[in-house]
Amino acid sequence: MQDYDYLWPGIAAALLAFLFPVYWLSEFLSGIDGLSQSVSHNIQTLSLSDAIFVVLALLTIYVYLSLRRILNDQLNFKKVDILIYLMIAVNIIFLSTIFFDIWTSIASDHSFRVVEPTLVTLAIAIGVGSLIVAGILDILLAIILLRSSTELPLIWRVFAVLTLVQGVFELSVIFHFVVIIVFPASLMVLAAAFLRKPESVELV
């Protein structure tokens, strides 16, 4: 195995760690006047912000797929495969809300006004639902990693602890804004794990 098998996943994780807080801080500040108003405004426009939203979702999916691969390749650890696939599914569902923006960009004002309350409610429900499910999956992933072996390399234990903290704040919903700090920290640890020289450690 070459040292740079996970070069692109490492770059993707680092890039995601940079873009994630920039995007979501911007979204939080724009929504300071109220969640419903912010969501309504957001789905009425198709802008650079939406393009970044799509890029973030695709990077997240790529990083999760790479996480599954490195756990399989370097640690022979497959117990969290299903959890990671479920995380990817959650991201795809969350990403699907971009179709609200696409539809409203081509629909007439009258058509939008008719369905606006439904769209806003659905977008909020998908967002909150995705957050809660992601929190549960992150907590389960962290617990399985931490309980699987005392031989777990330090960098993976740090990743698991950060993932556990992230999951707790996601599940709380009301304190989910802390994820803006915790998730990038977790991603930087993951980037380091991708870019470091592989060890011949096997979890059982």
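Visitor: Which residues touch the most other members of the largest nonpolar core?
Guide: The model is a predicted one. Its largest nonpolar core holds 43 residues. Those that touch the most other members are Val63, Leu67, Leu71 and Trp156.

Visitor: Which element gives the largest share of this core?
Guide: The elements that give two or more residues to the core are helices H1 (7-30), H3 (48-75), H4 (81-95), H6, H7 and H8 (179-195). The largest share amounts to eleven residues, and the element that provides it is H3.

Visitor: Which residues does Val63 touch, not counting residues up to four places away in sequence?
Guide: Val63 is one of the residues that touch the most other members of the core. With residues up to four places away in sequence not counted, the residues touched by Val63 are Ala12, Ala13, Leu16, Leu187, Leu190 and Phe194.

Visitor: How many residues are in the other core that lies apart from it?
Guide: Val39, Phe100, Phe112 and Val120 are among the members of this other core. It lies apart from the largest one, and its residues number eight.

Visitor: Are H6 and H7 roughly parallel or roughly antiparallel?
Guide: Helix H6 spans residues 109-148 and helix H7 spans residues 154-172; their axes are 7 Å apart and meet at an angle of about 150 degrees. Because angles over 145 degrees count as roughly antiparallel, H6 and H7 are roughly antiparallel.

Visitor: How many nonpolar residues has the contact of H6 with H7?
Guide: The residues that meet include Leu131, Ile132 and Leu145 in H6, and Phe159, Val161 and Leu171 in H7. By class, the contact also has four polar and three charged residues, while the nonpolar residues number 15.

Visitor: Is Asn76 buried or partly exposed?
Guide: Asn76 is placed in the loop between H3 and H4, and has a positive phi, near 50 degrees. Most residues other than glycine have a negative phi. The relative accessibility of Asn76 is 38%, so Asn76 counts as partly exposed.

Visitor: What is the relative accessible area of Val173?
Guide: Val173 lies in the loop between H7 and H8. Phi of this residue is positive as well, near 65 degrees. Val173 is partly exposed, and its relative accessible area is 25%.

Methods:
Residues numbered from 1 in each chain as written. Predicted model: local features only at pLDDT ≥ 70, side-chain atom pairs only at ≥ 80, totals over all residues. Heavy atoms only, no water. Axes fitted to C-alpha atoms, helices over the stretch in contact; angles between N-to-C directions. Helix = DSSP H or I, 4+ residues; strand = E, 2+ residues; numbered from the N terminus. Parallel < 35°, antiparallel > 145°, perpendicular 65-115°, else oblique. Contact = heavy atoms within 4.5 Å. Nonpolar A, V, L, I, M, F, W, Y, C, P; charged D, E, K, R; others polar. Core = buried A, V, L, I, M, F, W, Y, C linked by side-chain atoms within 4.5 Å. Buried < 20%, exposed > 50% of the residue type's maximum accessible area, 1.4 Å probe, protein only.
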